[in-house]
Amino acid sequence: MNHSKKGMSRRTLIKTGLAGILATGVSPLILTRGAWAQEFCNNPTGDTVTIGLNLPLSGAYAEEGADEQKAYELAVQHLNGEGDGGLLNVFAPSALKGNGVLGKKMAFVTSDSQTKADVARAGATRMIERDGAIMITGGSSSAEAVAVQGLCQEMGVIFMAGLTHSNDTTGKDKKRYGFRHFFNAYQSGISLGPVLGDEYGADRRAYHLTADYTWGWTQEESIKNATEALGWETVQAVRTPLGAADFSQYLTPVLNSGADVLILNHYGNDMVNSLTQAVQFGMRDRQVNGKQFEIVVPLFSELMAKGAGENIKGIFGTSNWHWNLQDPGTIAFTKSFGAAYGSPPSQAAHTAYVQTLLYADAVERAGTFYPPEVIKALEGFEFDGMGNGRTLYRADDHQCIKSVLVVRGNENPTSQYDVLEVVREVPREEVAYDPTIFGGELGPAEPAPMC
Amino acid sequence: MNTILVTRNDLLLLLGFTIAVLAMPIWLQPFGAAYPDLMQRFAIYGIFAIGFNILFGLTGYLSFGHAAFFGVGSYAAVWSFKLLTMDAIPALVFAVLISGLFALLIGYVSLKRSGIYFSILTLAFAQMSYNLAYSVLTPITNGETGLQLTLADPRHLDQALGISSRSPALLGQPLLGYAGFYFCAGLLIVAFFIAQRITGSPFGMMLRAIKSNQTRMHYTGFNTRPYTLAAFVISGMYAGLAGALLAITDPLAGAERMQWAASGEVVLMTILGGVGTLVGPVIGAWIIKYFENIFSAFNEGILHRTFDFLPDGLEDAVVLVTSKFVGEGWHLTLGLVFVLIVVFLPGGIMEGVRRLVHWARRPAEPGRASPRPQPAE
Amino acid sequence: MFEVILLQFINGLDKGGAYALIALGLTLVFGTLGVVNFAHGALFMLGAFCAVTFQKLITLETVTVDPSQLSPWGTPVEVREPLVQAWLGDFGAVLVNYSVPFSLLLAIPVMLVIGIAMERGLIKYFYKRPHAEQILVTFGLAIVLQEIIKASFGANPIPQPVPTDLRGAADIGVMLGLNPGIITYPIWRLVYFLFSGVVIGAVFAFLRFTTFGMVVRAGMADRETVGLLGINIDRRFTIMFGLAAVVAGMAGVMYTPLLPPNYHLGMDFLVLSFVVVVVGGMGSLPGAVAAGFLLGILQSFASMTQVKALVPGIDQIIIYLVAVIILLVRPRGLLGRRGVMEA
Amino acid sequence: MPDNVVLHVSDVHKNFAGLHALSDIDLQVAEGQTHAIIGPNGAGKSTLLNVIVGRLAPSRGAVVFDGTVLTGRKPYEINQIGIARVFQTPEIFPDLTVLHNVMIPALSRRDGAFRLNMMRTLDSETAIRQEAEDVLADVGLYERRLAHAGALSRGDKRRMELAMCLIQKPRLLLLDEPTAGMSRHDTNTTIELLKKIKSRGMTKVIIEHDMHVVFSLADRISVLAGGRIIAEGMPDEVRGDPRVREAYLGGAH
């Protein structure tokens, strides 16, 4: 933890003074670039700029939230020129200087979102209204992301989404002020499909168990489309209540349905429980239609894989990123994170870190915190070195288009963190899609007159 | 005497309450809570708790499903925004009516039983509402994501009048920031006033009599069911009003606000503040919302700054211990405080205050008999 | 279709056994002490964490840091050597394999102590207070307990292994003379079902055939009279509370392989176990068992696609719907005594 | 048989799981009279009272009050017809003040079984309050009108409960052992009080153990034993009845 230094040395005082004089001298310049210089929400006036972290610190996703928070702290340190610099050294093209953002030190405030859309919105409002947050980021569910990004659009504050996988975030519910680095269910489908085809053949009968809410439905649909394109047949898609704890009553009908693949469209504890129980039903030892019965979990997270323990071994799924990749960006980030916290980062931590850097970089390139300019700088921005290969922040829907990982539960883990192995890095071209298929409208970039 | 007359004590209480609420932006400053969004929540959950107390505090019926009416109010308000107009008044009216109807339905069935069976019935109804809202009723509730405004909403009334407001407003005045707070605060005061009238009315006395001895009520010629049902519907309407206000200050309605944990929260608020009192539940609501929003955001950095004056080793130790109770540990603190309150102060904070006043007065006025405690304000 | 129905029925029995076991302690406490215990779910959760603790204890490792090798995240590689195996050899391996059933040995004394401490420290002051206050104080206690667990074990679920010999599924169909592969069921669930049967049987036998149990049953029927007989019923009730905690804890221990436990486990089962108790009849032990099976079976069948197609969302609300119907039609529950909490 | 009978209990039977608590009860109470029902413990006196006020449904037979059938009606309906009851153990509102305890029945008489009058204040109910204070003065509790009812002594609670019934000006008042557990002094005060109301012409049915009370108040007495009426008549007639003596000597006290 940082201890804030009491008092201010003479030297810094002089420096700040100088900066002030310089700023006054330069201000007419800024004014010529637009008359909006001061007229937007939480325009930072002091020598710090504050971002708001909306994280599930209590509730079922608390560990994910804690991991994200570590990553944000690291990103802020690196941006302010502390620590080993992390991805600042490999990210390209980069306008970041390691002296904060536009010369202002970056600080952060946090809020416990409890993984509830309502609470997340309240927290975001607090951080914007009271703490003067210039940007909101974080979250561990699509409901949170969609709710907070709607709010941010109203308030004219940029939202850099954390972990959200639903198609809606950058589809039906996309917003001009919302940006997502994480991949989505549709991309899971297109990247997972061919691998499943290679591994399990084209003649398969799939049974879906789907969490009965929006994210579950979009994922079910995406995976269905992808597998049916392979020639698979969908035997049945059954909706299960959120937080059902015991899924056995949904698993028993699978046994005699004639299906030979079970697809679990669950996340979090639902996924841990349904997978554990499905394996206990002996599904992976079954032979159906003369084939080995298989289980697929389209969206993986390392923490949930840990929760499922042995049962995850050999199960296919997709991931946004994994610390075991061998590109310079991943190596740098894993080292930096490991040095600070003694464990490798999760994909949630990675996306949190990258989003912070991308925002700061966009501000630097825009030369202002004024959101419409920052949005312009982010839209269509193409970069590399963040661990996902060449990446495009697509202007049409604010979705990052980058490679997606198909992963499998590691059969022979070498450590408690080594739960997943990367099977295939699906290149960006394959997972790009037409942004118009999900509808939705980004809305205006001009900030609302409020706040 | 005139029937609309208020007694002096009631008037003083109402005045004091009004001042305390309207001056929130000032006296909450040192607590770091004087920003509109949190103060709006203080007002909204104050209304919710006042309404809950009309049922639980007066009649003694412990409902574990009041969040359902809160949620229904929110949904109704957002639908009013989507279909009719962004004006707050139709949304409020619509929400209070719908939640009242919903409460009538659930109350009619649940009040066939009393005691813990009543609690379980309300809990069951609320859980059913929540489960369905999250899944099967998604066309109405938009499920997990919550019901939100979109650019494509028809807003027939606004369109007919040629208004194109994008945020909830009161007769053209947008209800954001402080305007939103004062709107909620005004309604909190009105809600408080109505609750005060109810408590002080013959009807209110009947409710307290039901709590005290239902058998005697029957043999005194009262049909208690309509009384309890009326109390249930009124408190359901309060919940609906609060839910609608939450949707007005932030146009989103999520299913989580109907979960039984949310119902439990309003129970905690009422008990913490002082069940059966007028001011207690409001104070309880403020404390819990303060905990949830401010206390939960204390991280180690802030603690280190707070305890900066201590020597290093001690500072670390103090921070280590306190960090278990603040920040993400705020639930632990809440649970502990709650247990202590129920064990030692069943009358909540209000009882604590009363005891303190009693204790402080005694030496000052030795000769006079202490004022007899009143049952409920 | 027949196989599907048979499987759902077996599934219902399995669920029912679990529900009955969880509700048993709750109704025991209500029947003897007249206390509505909202912390019962937390006791179930504490039991589950006894298994976690036991597993952590027996898988303690010596960690040797090898600074010459670095992990990809830059920390020195750690060489881990399991302690228990090193000390106990083969028996250690068996212990690790069967950690869940073995942790019952830890859970029983721990839960007994926790239960007695809870009763002596808090619950006993609430015998004469209204049910509402009992609900509130135990609810608060449940929050405290789960937050303590969260602070010590984290929020993530912690998987517990099924012993290798009991993994996989058993072919019940073959036992019934059907073709193989039609009716298979996880062995551990069958174990749990048997276990719940044994525990339920033991509790009934204890109450029926021991003097202690007879006094307690008399106390359940008429507390005052028993008190007048000069029997120290309070001490027995304390032990009953401890017993209820043990039953809840054992239910929790054995459930861990089915559901990797996290701190929230208790709250997830709390509402459910209350519904079971209410449907069965407050304070009726046979009622709790019957209701557990009834609800288990109903829930199983309500989850069938064919049923869901008829009534959408029925599986989401079936439990509550049954509770509402029972409370309205027969408020004393299936097997409750007339007059107990009837109103 | 007097012709101004208001309460008819005809052919009432009550079984509890095969046990005959009441058999073949016929009872007529004339307007303005005080009718006492006496009998040893377990004779069925309280059961009879409970049947009259609607707490228990008779297995057979009917209770008619002034042409209205009471059987099958709910307790509150029976009260609204004009029948009030004092319980053996006082049923009061312990959490409310004595004054409020007495105002509530007055409001019941004025407003009926349900009225949603929530925008009036209690303090504006001056007439009701005045009436309550008068009745409290009658029973000697005026001084304690602001005390919590739960804090009253047992005797005071009974007197307050009586006041709660009196303020309703019932046409029929049922008293279940109004002096049980009272000191001799309190008993005498209560007798005086009941005599005072007697002069107001209210019909009363009184269940009592205490013969002193019974013979001071009753105009007519029915003797209940084993769930049957074994004797009925004027106090003097009953006093001399050998069956009564037998029932009492074989029974209680």
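How many helices and strands does the secondary structure of chain B come to?

## Basis of the model

This is a predicted model, in which local features need pLDDT of at least 70 and side-chain atom pairs count only at pLDDT 80 or more, while totals for chains, interfaces and linings use all residues. Residues are numbered from 1 along each chain as its sequence is written, and chains are lettered from A, with ligands numbered from 1, in the order in which they are written.

## Chain B: overall form and confidence

The secondary structure of chain B comes to 18 helices and four strands, where helices (H or I, at least four residues) and strands (E, at least two) are DSSP runs numbered from the N terminus. The C-alpha trace spans about 70 × 70 × 40 Å along the principal axes of chain B.

Of the 377 residues in chain B, 59% are buried, a residue being buried if 20 or more other C-beta atoms lie within 10 Å of its own, exposed if 12 or fewer, and partly exposed in between, with C-beta atoms placed from the backbone. Among contacts in chain B between residues at least 6 apart in sequence, 76% join residues at least 24 apart; two residues are in contact if their C-beta atoms, placed from the backbone, lie within 7 Å. The mean pLDDT of chain B (the predictor's confidence in each residue, from 0 to 100) is 86, and 94% of its residues reach 70 or more. Over residues 365-377 of chain B, however, pLDDT stays under 50, and the model has 15 contacts beyond four places in sequence for them.

## The nonpolar core

A nonpolar core is a set of buried Ala, Val, Leu, Ile, Met, Phe, Trp, Tyr and Cys residues joined through C-beta atoms within 7 Å. The largest has 455 residues, of which I47(B), F48(B), L241(B), A323(C) and V102(D) touch the most other members. Helix α12 (residues 224-249) of chain B gives the most to this core, with 16 residues. Beyond its neighbours within four places in sequence, I47(B) has contacts that include L187(B), L188(B), Y238(B) and L241(B).

## Chain A: domains and the side facing chain C

Chain A is divided into domain 1 (14-183 + 324-403) and domain 2 (186-319), with bounds that come from an automatic or database domain assignment. The C-alpha centres of domain 1 and domain 2 of chain A lie 33 Å apart, and 13 residues of domain 1 of chain A are in contact with 14 residues of domain 2 of chain A.

Between chains, 42 residues of chain A are in contact with 39 residues of chain C. The residues of the side of chain A that touches chain C divide into 16 nonpolar, 20 polar and six charged, where Ala, Val, Leu, Ile, Met, Phe, Trp, Tyr, Cys and Pro count as nonpolar, Asp, Glu, Lys and Arg as charged, and the others, Gly among them, as polar.

## Backbone exceptions

Most residues other than glycine have a negative phi, and most peptide bonds are trans. R155(B), which is not a glycine, has a positive phi of about 45 degrees; R155(B) lies in the loop between β1 (147-148) and α8 (156-161) of chain B and is buried, with 20 other C-beta atoms within 10 Å. D66(D), also not a glycine, has a positive phi of about 50 degrees, and D66(D) is partly exposed, with 16 other C-beta atoms within 10 Å. A cis peptide bond, with omega about -5 degrees, joins A92(A) and P93(A).
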